[in-house]
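Let's take a friendly walk through a protein model and see how its chains meet. Have a look at the sequence and the 3D view before reading on.

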Amino acid sequence: MNVEFLLPEARQNDDDVEMIDVSDKFVTPGETISVDAQYMRFGINDITISLCKDFKHYSLSRSHGTFSDEKDGIIKSSLAGRVEIVNKLISVRTVHSRYNAEIGDLIVGRITEVAQKRWKVDINSRQDAVLLLSSINLPGGVMRRKTEEDELQMRKFFSDGDILAAEVSGTFQDGAASIQTRSHKYGKLRNGSFVSVPPSLVQRCKTHFHVLSCGVDVVLGLNGYIWVCKHTPSLQDVDSETIYSHKNEPISDATRESIARVCNCITSLARKFKIINDSSITLAYEESFETQHID
Amino acid sequence: MPVLISPAEREYIINGVDHNIRADGRGRLDYRQIVVETGLISQASGSARCRLGEGTDVLVGVKVEVGQVDMEGDDEVIRERKSKRGRVICNVECSPIASQQFAGRGADDFNNELTQTLDRVLNGPQGGLNLEKLCIIPGAQCWVVNIDALILDYAGNLLDMVFITTRAALHNTKVPKTIITETEDGLEFDFSDDMEDAERIEGWENVPTAVTLSKIGSRHVVDATPLEELTIDARLLVTVNKDGKICGVQKGGSGSIEPSLLNEMIQTGGTIGQHVIQKLDEQLEREEKEASKKTGSVGKLGFFAAI
Amino acid sequence: MDRRRIPGPEASVKPIIERADDDDTLHVVPLKTIDDIRQDGRSLDKIRKAWLAPGIITQANGSAYIEFQGTKLACAVYGPRATKISAFSGKGSLNCEIKFAPFSCQKRRSPQRDPQEKELSQLLFEALAPAVRLDLLPKSTIDVFVTILQNDGNGSCLAASITAASVALADAGIEMLDQVAACSACYIDDEIWIDCTLREEEHAQGSLVLSCMPSLNEVTHMLQSGEVTVSGTIRAIEQCTEACSKIYLIMGNCLSESVRRKLEKDNALDGLNKKEG
């Protein structure tokens, strides 16, 4: 039986924050990012600039978080955040924002609604994503055609509240993403616990399925939803009957404690706005043993 | 705030509770850490704010006003008793900033439920406060203690926090001193505006605190997180005062409880409640000592606190 | 001197009011005698005489009327009917509403639902939900309406509502795991009085309302207020559970009586039809 009461602490100034890049600029909405002499418009989102005072003579394209005044071509920021330049793309990255789906992203979502031949999935974005019946693996073989019975039995596959890992295959005009779970590593998630963090803390990397040394698997969704579960060796041909089962396997006490510890590490990292990837989680996990005071 | 939960997560949580390792590593009877601060609101007679873990944030303000004595009752004895007492009026409100489902009329039923529960415990002799002391002129005027709780953020375990914060706020509440003079028209009173003369409200240490025991599977847990709250069958709210007396029991949720488990839960609730009161009192004392150490104006951290 | 009018006395005195005791204390009718017999002749652990009749409202799918001497109320059940809400739900929903008639209490109550009634409705739902098989009725709603016609004890009103609602649900033919019987009690001077009237409640230090499913031995709802020791609470729960089993018998008898009468009526009609046909 444990109850702990604390007094509030004053905020401290973070004097040890290093500025990574000299050209790191923090901007607010309406602030000018750079000035250009001439520009050309390509597609929906980009404008090229030839001259730029603050940065080297790059021809820069404009991306998310910026807009430009038509007349003089000045690029201004529309968000409050840090300016990011990746090769020739200039964008503004905020701390807290809703997730914007891009094709190829791995996300973790929760089913909110079962509709006609599709599911609506909450992915922490401004619109619910759509999972079509044709985008999932049907039990009984990869190439099975979907039948009318499948349409009527959609709840057998995914029901309200289910958590799944999926990949963004496209976006609709209104900003809703279309997701698919055609690979065997995607699909219904079980044997674990759910954590939610701000989406900007999860960055794109080669793989989002990490196996930690403590016997715990972590699925880092780019939308900020993370699934921490017991380690299951990946099986090439998973039994088709069990991919849609919601029965958990038995989990040992030690694994349960590790899962809880990893969840707490992730929440602490999120509270301090640190990037979340497998190395930061592992570091935090090891540190947590140093400060353990409750057995 | 999640409103849906998958069967896999539900099973994970129920099994975790069974093995005494919950989703965040706590044991069944462990609370998340609570940060308490009193005296934040200068306009109120007393105030306190509590934050639980990462989420639930409750702010309670107590305002003491002069009002009419309540003299309703069937029996003459009852009326006589009531005419010599002050009154307590409670109100709990879930601010829409806590969750978007509290916007507009969404929270009305929920607010009402919380208000009635708080009112049922605090209004009456079990509420702890010395209502006789709050009477100014018997049969006419009395002090009315208005307790208003505002929920600023929601992460589970709301009622426990409301009660703990109310107790802290009442510890902080000062009632102005009244001077009663006898004139030909009867008794008249006046109270001094000087806050130095105000006395701490009597009976605050007898105000009960609440422990919500949630039945998950066949076990019960204390301090449920929002995901855990989606898996519970039934809840039992046990309010207990520092002497270990039960001041109220209320079952919630749409499940049923077996009588022996019910007895066990009431006993556990009683023990935990007393423990919570003891720790809270120690904390309030510590806060007072810290405040008296600092010379000059005492700056309250309020909403600028880091945690 | 004026002989035509009858003169009053020259000196007047205050009227003398008869008092039971000589001292200046207020006149009080004792709640119980030395032998622990209450004002209405009951002992401390007896419930009031109950009168229960199902099937009194023709429009409703199921109904019940209950009287616990002073407390009178009627309950009607409509359903199961289709829910208008489009959100999917695997289980049916149970919508309960309790309303005090404006003339039911000492002080007139507003015709609008006040906060106390809203809370009582929520408590009624919590007491009935464990018993009703809502999982067999997806996408359906059951409406339970209770109107309290006379209030003689707040605790007994809630207890009677739960009991009547349970009988009405059975009368409507809705599948249930067990009947829910409810009972109220008060703590007066460290003693437990079962099923108190309004007057007895006013003198109480605390009150308890308990509802349970006697065959399954599960408590579906409990509401206690007032300052009591833990052992006192546990004792009260035991006594209430016993009283609930007595109420359960009454409910069972009434329902079987009413079913028997309906079937006999059917048989009689069948007999008539056969004769004519």
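Predicted model: local features only at pLDDT ≥ 70, side-chain atom pairs only at ≥ 80, totals over all residues.

**A strand pairing between chains**

**The contact of chain B and chain A**

How many residues does each chain bring to the contact? Chain B gives 42 residues and chain A gives 36 residues. Together, the two chains bury about 3,600 Å² between them, and 60% of that area lies on carbon and sulfur atoms. Which three residues supply more of the area that chain B buries against chain A than any other three? They are B:Leu4, B:Tyr12 and B:Ile21, with 19% of that area.

| Item | Value |
|---|---|
| Residues from chain B | 42 residues |
| Residues from chain A | 36 residues |
| Area buried between chain B and chain A | about 3,600 Å² |
| Share of that area on carbon and sulfur atoms | 60% |

Polar partners take part as well: across the interface of chain B and chain A there are twelve residue pairs in polar contact, both residues being at pLDDT 80 or more. On the side of chain B that touches chain A, helix H1 (7-18), strand E1 (34-38) and helix H6 (259-293) each supply at least two residues. H6(B) gives the most to this side, with nine residues. By type, the residues on this side of chain B are 22 nonpolar, eight polar and twelve charged.

**One salt bridge across**

Over all chains, the count of salt bridges comes to 37. Between chain B and chain A, the count is one salt bridge. A:Arg110 forms it with B:Glu9, and their closest N and O atoms are 3.0 Å apart. This pair crosses from strand E11 of chain A (residues 106-115), which holds A:Arg110, to helix H1 of chain B, which holds B:Glu9.

**A look at chain C**

Chain C has four helices and nine strands. Along the sequence, they follow the pattern β-β-β-β-α-β-α-β-β-α-β-β-α. What is the radius of gyration of chain C? Chain C has 25 Å, while a compact globule of 277 residues would have a value near 19 Å. Taken along the principal axes, the C-alpha atoms of chain C fill a box of roughly 95 × 60 × 40 Å.

Terms used
Residues numbered from 1 in each chain as written. Chains lettered and ligands numbered in written order. Heavy atoms only, no water. Contact = heavy atoms within 4.5 Å. Buried area = accessible area lost by both parts, 1.4 Å probe. Salt bridge = Lys/Arg side-chain N within 4 Å of Asp/Glu carboxyl O. Polar contact = N/O pair within 3.5 Å; in protein donor to acceptor, adjacent residues only side chain to side chain. Nonpolar A, V, L, I, M, F, W, Y, C, P; charged D, E, K, R; others polar. Rg over C-alpha atoms; globule rule 2.2 N^0.38 Å.
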